[in-house]
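Please examine the structure below together with the explanation that follows.

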Amino acid sequence: MGNAGNSKMNSNGVEPEFAGLRKIFWPIHHHELKKFLPMVLMMFCFLFNYTIMRDTKDTLIVTAAGAEALPFLKFWGTLPTSILFVLVYAKLSNILKPEALFYAVIAPFLLFFSTFGFLIYPNIELISPTETANMLEAFVNSSLPVRMHDTMLRLVEVFRVWPYALFYILSELWGSMGISLLFWQFANQITRSAEAKRFYSGFGQLGNLALVASGLTIIYFSNIRSSVPAGVDAWGQTLHWLMGAITVGCVIIILTYRWMNSNVLTDPRLYNPADRAPKKSKLKLGLKESFLLLSRSKYLGCITLMVLGYGISINLIEVVWKAQLGAQFTNENDYNTFMGYFSMTTGFATLFLVTIGSNVIRRLGWLVAALSTPVMILITGAIFFAFIMYKNDFEGVFVYTPLWIAVLVGASQNILSKATKYALFDPTKEMAYIPLDQESKVKGKAAIDVVGGRLGKSGGGVILQIVLMFGAIADNLPVLLFFVGVVIAAWIFSVTSLSKLYQAKLQEAGEEAEAILAGTATSSVSDAKPIGAT
């Protein structure tokens, strides 16, 4: 069967058949391992690096400036830098060949992170604008209303340690731009359409093991404070090792990419541009055109509200949780050690829920699956906020302090919400596009990428910036809970409305759409972006 399947694949480009458990867990031919395993290694290293970057960036900013600085940094730092990055990438793509473009994009990341632990951090005091920061601090204390002091002083601290802010921004770019542009663009370039149905599931499942591996790495190198000699900066030693691990990951990515270009793209069994489906140019809509299109379609508007609902609600809750983390762990090593355990647990939870996600959709239906994420965030978020607001009433009731329990409750909320999102929210959202006509499908997805993508990420940040101008996070918990409740209520309403429209579309399309839908439930789960990329 192996030889026949291989011959059939090579001559006609038809997906070979597999039987039994192998069809579910390992639908890869022996000769395809030369192509499949290096791609898994690249995905693993991308996510391994991002998890270390993500946890370390939060440690640097939260311990130095507080969680209140995060929404400002995301909106005024990450957003404009991302736009600039895309513009530069588009320009370079017209000048450089794909291989040279890959190296040109990854080089700045490699340069910065390889030097951060060994050169930038040890000299942080020399490159910090201390005098200017002191002047800004004096201005805030003397000229601004008292209720604004806490937030504005934290922003001054971000300015004081600007290399930390740059670390934060580049870490965000590695997740949102590096993985999407570097890995997935290369994967889409060299993978045949028939292979993608089998390969992409493995990329996601095996790649997500990086969350577990990186979590263990973070724990090991962050938990060294007791073993370093007296007078030695333990956090500096941790950064040496973690930045070294990121550097090794980048080097492996580059070497693997080079090997793929030399050995896979030159093998006609594994790569032939003629075997790939004709590439369709991706429709790009401006912000105005996107709003107009979505305002005219109730169906597409509901999908947009789903995307916005997740982005805004999880952003609001995360900042509150990270504020509790910053209060519990004032030492960088302790903070990062906890984040290592958090990432490891998230990896296990994601692998488990993604595995059972398709069964939930098939057995309980689209509506139940689509409601699972907002209901999960609503319940766990409400429990988290309620505990924080009344945690002083629990003083002495438990063995652990109320603050520590709040940290654990927030971590559980974050893990369950994100794992549920990738297991159920992403596939149900993609399934909603299936019954649409081709024009609505293409234009609608492009519009939602623009509106939902931009506003989902920045909407929560804007709300937080406004709220934090009137006091610290702890002083505005009821207001933030109110915003979370309103957003999730709109999200649930959009899901129930979309469910009716969705069923009507399926009935119009007939049994053929149902057959397509049944097969998509599994593939959508497999093709969803791994959680570490978020």
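A salt bridge is a side-chain nitrogen of Lys or Arg within 4 Å of a carboxyl oxygen of Asp or Glu. By that criterion, a search of the whole structure finds nine salt bridges. The model is a predicted one, in which local features need pLDDT of at least 70 and side-chain atom pairs count only at pLDDT 80 or more, while totals for chains, interfaces and linings use all residues. Residues are numbered from 1 along each chain as its sequence is written, and side-chain values use heavy atoms, with hydrogens and water left out.

One of these salt bridges joins the side chains of Lys322 and Asp58, at 3.0 Å from N to O. The two partners belong to distant parts of the chain, 264 residues apart: Lys322 lies in helix 14 (residues 298–328) and Asp58 in helix 3 (residues 33–65). Helices (H or I, at least four residues) and strands (E, at least two) are here DSSP runs, numbered from the N terminus. Both Lys322 and Asp58 are buried, where buried means under 20% relative accessible area, exposed over 50%, and partly exposed in between (1.4 Å probe, protein chains only). Lys322 and Asp58 also take part in a network of salt bridges with Lys57 and Glu172.

A further salt bridge connects Lys421 and Asp426, whose closest N and O atoms are 3.3 Å apart. Lys421 is buried because its relative accessible area is 11%, and Asp426 counts as buried because its value is 10%.

The side chains of Glu137 and Arg160 also meet in a salt bridge, at 3.1 Å from N to O. This pair, 23 residues apart, links helix 7 (residues 130–143), which holds Glu137, with helix 8 (residues 149–160), which holds Arg160. Is Arg160 buried or exposed? Arg160 is buried, since its relative accessible area is 14%. Glu137, by contrast, is partly exposed, with a relative accessible area of 29%. Contact means heavy atoms within 4.5 Å; leaving aside residues up to four places away in sequence, Glu137 touches Leu153, Val156, Glu157 and Arg160. The C-alpha atoms of Glu137 and Val156 are 6.5 Å apart in space, although the two are 19 residues apart in sequence.

Attention now turns to open space. A pocket, on a 1 Å grid over the protein atoms alone, is an open set of points where a 1.4 Å probe fits, with protein on both sides within 12 Å along at least five of seven lines; lining residues have an atom within 4 Å of a point. The second largest pocket has a volume of about 280 Å³. Of the 20 residues that line this pocket, the closest to its centre are Glu68, Arg154, Ala323, Gln324 and Ala327. Helix 3, helix 14 and helix 16 (366–389) each give two or more residues to the lining, and helix 14 gives the most, with five residues.

Helix 14 also holds Asn315. Asn315 is buried because its relative accessible area is 5%. Not counting residues up to four places away in sequence, Asn315 touches Lys74, Lys457, Gly460, Gly461 and Leu464.

Helix 11 is mostly covered, as 10 of its 14 residues are buried. Among them are Leu211, Ile218 and Phe221.

Conventions: Points joined across faces, edges and corners; volume = space filled by probe spheres on them.
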